[in-house]
Amino acid sequence: MREKYIGAAVPRIDGVEKVTGEAQYVTDMKFPGMLYAKLKPSTSAHDVIKSINTSKSRSLTGVRAVLTGTDAYQKLGIYMVDKSILAVSKVRYYGEAVAAVAAVDIETAQRAVELIEVEYEPLPIVHDVEEAIKPGATLVHEEMAENKWIKNVFFPEIGTNIANHFKIRKGNVEDAFSKADLILENKFYQPQVLHVPLETHAVIAKWGTGDKIKIWTSAQAPFAVRDLFSSAFGIKRQDIEVVVPYVGGGFGGKAGIHLEPLVALLSKASNGRPVKLVPTREEEISTLPCRQGLVAKIKTGVTKEGKIVAEEIEYLWDAGAYADYGVNIGRAAGYSGCGPYEIDNVKLDSYTIYTNHIFGTAYRGFGHAEFFWAVERQRELLARSLNMDSYEFRMKNLLKAGSRTITGELITENTGRVDKCLEAVSNGINWGVKKTEEEKRQEKLTGKYRGKGIAVLHKAPAMPTSSASSAIIYMNEDGSVRFNVGGVDFGQGTYTVLSQIIADKLSLPIEKVHCAFETNTDSAPYDWQTVASRMTVLAGNAVMDACDDLLNQIYEIGSIVLRAARHEIAIGEEYIYVKQHPSNRVAYSKIALGYSYENGNSIGGPLIGRGKSIAQGLNYLDQNTGQGMPALDWTFGAQGVEIEVDSHTGDIEILKFHSAIDAGCVMNKMLLKGQVVGGIIQGLGTALSEVMLYNDNGKLLTRSLVDYKILTMKDLPKNIELHFIETPQLDGPHGARGVAEHPMISITSAIGNAVADATGAEIFEVPMNPERVYMAVKSVLGEK
């Protein structure tokens, strides 16, 4: 049967509700007797908490609960259980919550936290990851050995600031370096940056009678919230109900668990009254997690013909004060860490390191946007050192069918085509066309220099080997269907794509496919988390499986009603019919709840399809070599950019931007284009302006959107062109792969390469803001 909706530009099924304001978010919710919460943040980055005096706060009229670390000491974590709900005994970053208040209104709650008096005793501050791993460095977590973590996956080094050490060992690096014609070493820097979702981490919780908990939360992972809450408090999962309504963006920052346990404890301390906490933007920036920073050191050996023979890499991840998600970012970056290149000899060490910065968590790209800044700049620098075209250099070394990744995985014809992606963007920006002498003369006259840059990318979903999804599809009385999955659509368009799959599979108009948008752990089928660009593949496969289950029931009852064998009947246009005699048919609506004969006899019953899927074929990687199968699938891509650099100001103008992604199958081109353009603007922010700045005392300076510059629609490049390659992924629905994170990867490196092409200035640190670019260009032009 030819698909009608797969590949079509179907509008978002939640679009009208969102633009009209009908969609309800946690921020919009209000319940009788509800209290309002505020946090007391620390005013230092690394101090012993000598005392907390809450007496004035407790005596304030309207205050119903005040908590400190004595009350909220339980530890949280999905990979590394290292963060207590409120700070206990000491604070580890500026802005960490040391107390919390619930009161009858926001104003009273704010006054109450201001009345809380905290006495601190300063400790040495750990600022720098390179200093943090030196022997004798001040420890951020002296109690690391007492924490829990997932064994055989993460490997903390007790007695240090190293929360995890991931290794890749492939081939013989030392021998290969001895045979290289050229060895190049460089060091690159990437700062911490913010997620900045439209909606902050909003939570309402009610601790009911008999320890029955209900939580409404702006989260990416309702089942993870339930699971981690259960583990922290020892409460049965069946007594914890987590509801996720519409969510105003996440970008990874709302994965795992955050404020939910604290708000629930405030409710418990308030005799079960519902409590609501909606952080302000400054509170979100100062107290909630960010994206990790990175120092990357790369040493590469190549032949004079341009073949990479050896690479040695050290990634030092600034996890900040806590490393729950950080350890998995370091791991995922490790097994992807040389990019989509075939390299026979690799030594890679990826360290996740505690500092006294705000703690890092999942962020769109999960470490890949960070390390590709280093990898793809290094590739460009290698090509220039060899006096070789960097497009040719990359093509010579890219993964292809028959290659093996740095973990030993075999690349096949269906893994994806990074070479086609690179070719597409290179052609788009007219790569290889040299400047005329007149163009060079005009550049010198105006001080505005043009250049081009290219970069490739890849990423696989970072998730446990048992990561699973499930789906339920119910047929309604009129033959329409409603479906329910446990994952969350927080802006990426997942529910629309799943609706398209169902409509085609069941031969229904898409208007007759309804999604249960609110996800409730008491009624929704299980899903691990909505992260890692995994929903299209795993939830898509679960929905396909549920459709097959429903179709089996339709065919079973249809064959009885139509008195025909299974192979003699088919579905179409909301009917099941006999192929040879199409007029002999029965409508879905007649069998949806069971079929009734004229005499009243009935058969069948409600039609309900169940489906499931799991990450097949993954295994634990070897602790000492990193060899194994970490990837469900790989999504490849490339970025190409043409820019103009103003040498007088350091400003960069994006003239052309070309992005290519091997999506496997374009399920919905409209949504895919939206994802990619959104990723581009987010990636440009990382490249050009975004940075979290701290002073010498560890105080965050960029605590508002006045100080922290994100790009907007007005900053979009004038010319954006998208290219979609379709190499079917054999185990994906209709051959599709996940693409949500990939558009922002390698944007920094493509622009950095273009700056070097335009001016000769080599930049090793982002953001490439006007000041940094101006100083780099001035240095080069001064030398000339």
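**Burial, aromatic contacts and sheet packing**

At a relative accessibility of 5%, Cys-515 counts as buried, where buried denotes under 20% relative accessible area, exposed over 50%, and partly exposed the range in between, computed with a 1.4 Å probe on protein chains only. The model is predicted, so that local features need a pLDDT of at least 70 and side-chain atom pairs count only at pLDDT 80 or more, whereas totals for chains, interfaces and linings use all residues. Residues are numbered from 1 along each chain as its sequence is written, and side-chain values use heavy atoms, with hydrogens and water left out.

A search of the whole structure finds 0 disulfides, a disulfide being a pair of cysteine sulfur atoms within 2.5 Å. Cys-338 is in no disulfide, the nearest cysteine sulfur, that of Cys-421, being 20 Å away; with a relative accessible area of 0%, Cys-338 is buried. Cys-515 is likewise in no disulfide, and the nearest cysteine sulfur, belonging to Cys-547, is 13 Å away.

The structure holds 20 aromatic pairs. Rings of Phe, Tyr and Trp (for Trp, the six-membered ring) pair if their centres lie within 6.5 Å, and planes under 30 degrees apart count as stacked, over 60 as edge-to-face and the rest as tilted. Trp-207 and Phe-229 form a tilted pair, at 6.3 Å centre to centre and 50° between the planes. This pair links distant parts of the chain, with Trp-207 in strand β13 (residues 203-208) and Phe-229 in helix α6 (residues 222-233), 22 residues apart; helices (H or I, at least four residues) and strands (E, at least two) are DSSP runs numbered from the N terminus. Both Trp-207 and Phe-229 are buried. The rings of Tyr-246 and Phe-517 are stacked, because their centres are 4.6 Å apart and their planes stand at 15°. Since Tyr-246 lies in the loop between β15 (240-244) and α7 (260-269), and Phe-517 in the loop between β23 (513-515) and β24 (519-520), the pair ties together parts that are 271 residues apart in sequence. Tyr-246 is buried, with a relative accessible area of 14%, and Phe-517 counts as buried at 12% relative accessibility. Tyr-246 and Phe-517 belong to one aromatic cluster with Tyr-25 and Tyr-495.

Charged groups also lie over aromatic rings, a charge being taken to sit over a ring if NZ of Lys or CZ of Arg is within 6 Å of the ring centre and within 35 degrees of the ring normal. Lys-151 lies over the face of Trp-149, at 3.4 Å from the ring centre, and the charged end of Arg-377 sits over the ring of Phe-764, 6.0 Å from its centre.

Helix α7 is largely enclosed by the rest of the structure, because 8 of its 10 residues are buried; among them are Leu-262, Val-263, Leu-265 and Leu-266. Just after α7, Asn-271 takes a positive phi of about 60°. In helix α8 (residues 281-287), which contains Ser-286, the serine is buried with a relative accessible area of 8%. Leaving aside residues up to four places away in sequence, Ser-286 touches Tyr-93, Tyr-94, Gly-95, Ile-358, Leu-700 and Arg-703, contact meaning heavy atoms within 4.5 Å.

The strands β25, β26 and β27 form an open sheet in that order, with antiparallel pairing; two strands pair if DSSP finds at least two bridges between them. As β25 (569-572) and β27 (585-587) stand at the edges, each with a single partner strand, one side of each is left without a neighbour in the sheet. Neighbouring strands of this sheet are turned by 20° against each other on average, direction ignored. Between β25 and strand β26 (residues 575-578) there are 4 bridges in the antiparallel sense, and Ile-569 stands opposite Val-578 in β26. Helix α15 (residues 535-562) packs on the sheet, touching β25, β26 and β27, and its direction makes about 120° with that of β25. Axes here are lines fitted to C-alpha atoms, for helices over the stretch in contact, and angles run from 0 to 180 degrees between N-to-C directions.

A further open sheet has 4 strands in the order β20-β31-β32-β33, with mixed pairing. Its edge strands are β20 (448-459) and β33 (720-725), each pairing on one side only, and neighbouring strands are turned by 10° against each other on average, direction ignored. Strand β31 (residues 635-646) is joined by 9 bridges to strand β32 (residues 652-662), and the two run antiparallel. Helix α17 (residues 669-688) lies across β32 and β33 at about 125° to β33, while helix α18 (residues 747-759) lies across β20, β31 and β32 at about 150° to β20.
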